[in-house]
Amino acid sequence: MHPTHAARALTAGCALAALTLLSACGGGTQHRNDEAYGSDAPVRPPVNRLQADGLPGMPPVLDPTDVYAADRPGRLSPVVKDFPSRVYVPNTNSDTVTVIDPKTYEVIETIPVGRQPQHVVPSWDLKTLWVNNDRGNSLTPIDPSTGKAGRPVDVHDPYNLYFTPNGRYAIVMASLDRELVFRDAHTMKKAKTVHVTCAGVNHADFSLDGRYFIVSCEFSGELLKVDTEKMKVIDQQKLPLHGAMPQDVKVSPDGKRFYVADMMAGGVWILDGDTFGRPRLLTTGAGCHGLYVSRDSREMYISNRGEGTISIFDFTQNRLTAKWHLPGGGSPDMGGVSADGKVLWLSGRYDSEVYAIDTRTGTELARIPVGSGPHGLAVYPQPGRYSLGHTGVFR
């Protein structure tokens with residue numbers, strides 16, 4: 001989170017069938033006046049027996065022991081297989097998106113967008129990248145097949161953006177408004193506004209069955225549990241640390257635990273999502289911020305923005321196994337893993353740069369100058385059948 005965002009917040013109140021269906025979700029960029037650019041209405045897959053207890057309309061779980069089973073190296077959906085590989089970097093202070101060719105590590109384009117872009121978010125149907133212009137109160141669509149930006153869509157306070165697992169709704173994390181706003185995932189028309197009592201709704205992830213999701217509230221140090229279908233907050237808790245500032249959220253591969261990065265606690269909170277009980281803290285490093293799962297679902301890369309390091313957590317061993325240090329330091333923030341799983345891409349929030357890191361050795365492969373205040377960069381395309389939002393949470 002950039003200081004400008006914190007300041008205004010304080011001011012404000014401080015599998016094949018599924019793939020086939022995805023391919024069938026429309027085919028062009030033509031749109032009507034009431035439609036958002038480049039995103040067709042999702043076709044809901046039929047419910048099968050394995051999905052009977054899941055969120056209605058959600059694609060079947062491929063592996064009940066691994067929510068990331070569809071994210072294996074190179075396993076691209078037919079929808080995105082011909083898209084050029086790019087890294088899209090929103091520069092919060094420059095009001096631009098820097099586009100990087102990951103093969104050459106070179107900047108190939110700079111796209112002007114709205115005021116204070118925070119994250120670049122893949123749509124549920126994988127066809128559009130939404131730039132969250134938080135203070136510009138708009139979403140700028142980018143067609144990842146061409147890299148061209150389209151007409152902005154009016155959306156108030158879109159700090160972050162997620163999608164329900166059935167593709168029905170987009171969920172706008174309206175941080176300053178203290179709202180979760182459910183919108184039609186196709187047109188972005190408002191469907192329901194959920195007012196919350198915490199401050200700074202921020203990041204989220206969904207349960208294995210998609211029936212609930214956990215939300216971090218960074219400015220009040222709280223967590224929410226939200227019923228996806230009812231669009232209702234069903235539980236809330238204060239983190240057991242004065243000054244806690246929760247950030248990114250990720251569910252474990254087996255769907256039993258949620259991990260919540262906390263930049264003030266300097267570590268990750270671990271809690272049972274079903275019981276929503278008291279979490280425990282795993283210390284990783286100063287400014288713990290972003291969480292990214294490896295392509296084999298074995299490890300999680302944890303960016304420690306305040307000390308220029310990345311901690312490695314092994315899910316199978318349930319412990320930290322390594323820490324990578326960026327040469328000369330840095331401010332690793334948000335990002336994603338390359339389609340082949342070999343490179344971790346992270347924005348350098350306070351250093352106007354992007355880092356490419358070898359996931360086998362932790363070696364820095366490149367340090368690329370970009371605009372001011374780079375934040376939620378998206379590596380695209382990535383493997384997966386559909387997107388749950390943020391900088392690329394795929395199932």
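How many of the six residues of strand β15 (residues 222-227) are buried? Six of the six are, and the strand is mostly covered. Here buried means under 20% relative accessible area, with exposed over 50% and partly exposed in between, for a 1.4 Å probe and protein chains only.

1. Basis. This is a predicted model, in which local features need pLDDT of at least 70 and side-chain atom pairs count only at pLDDT 80 or more, while totals for chains, interfaces and linings use all residues. Residues are numbered from 1 along each chain as its sequence is written, and side-chain values use heavy atoms, leaving out hydrogens and water. Strands (E, at least two residues) and helices (H or I, at least four) are DSSP runs numbered from the N terminus. Two strands are taken to pair if DSSP finds at least two bridges between them.

2. Faces of β15. Burial applies to both sides of this strand. E222, L224 and V226 lie on one side, L223, K225 and D227 on the other, and all are buried.

3. β14 and β15. Strand β14 (residues 212-217) runs antiparallel to β15, and six bridges join the two. Across this pair, I214 stands opposite K225. The hairpin has four residues between the strands, and G221 takes a positive phi near 65°.

4. β15 and β16. Six bridges also join β15 to strand β16 (residues 232-238), again antiparallel. D227 has K232 in β16 as its bridge partner. Four residues separate the strands of this hairpin, where M231 takes a positive phi near 55°.

5. Burial of β21. Strand β21 (residues 288-293) is largely enclosed by the rest of the structure, because six of its six residues are buried.

6. β21 and β22. Five bridges connect β21 with strand β22 (residues 299-304), and the two run antiparallel. Y292 stands opposite Y301, and V293 stands opposite M300. The two strands form a hairpin with five residues between them, and S297 in the turn has a positive phi of about 65°.

7. The four-stranded sheet. β21 and β22 belong to an open sheet with the order β21-β22-β23-β24 and antiparallel pairing. β21 and β24 (319-325) stand at the edges with a single partner strand each, so one side of each has no neighbour in the sheet. The twist averages 25° from one strand to the next; axes are lines fitted to C-alpha atoms (for helices, over the stretch in contact), and angles run from 0 to 180 degrees between N-to-C directions.
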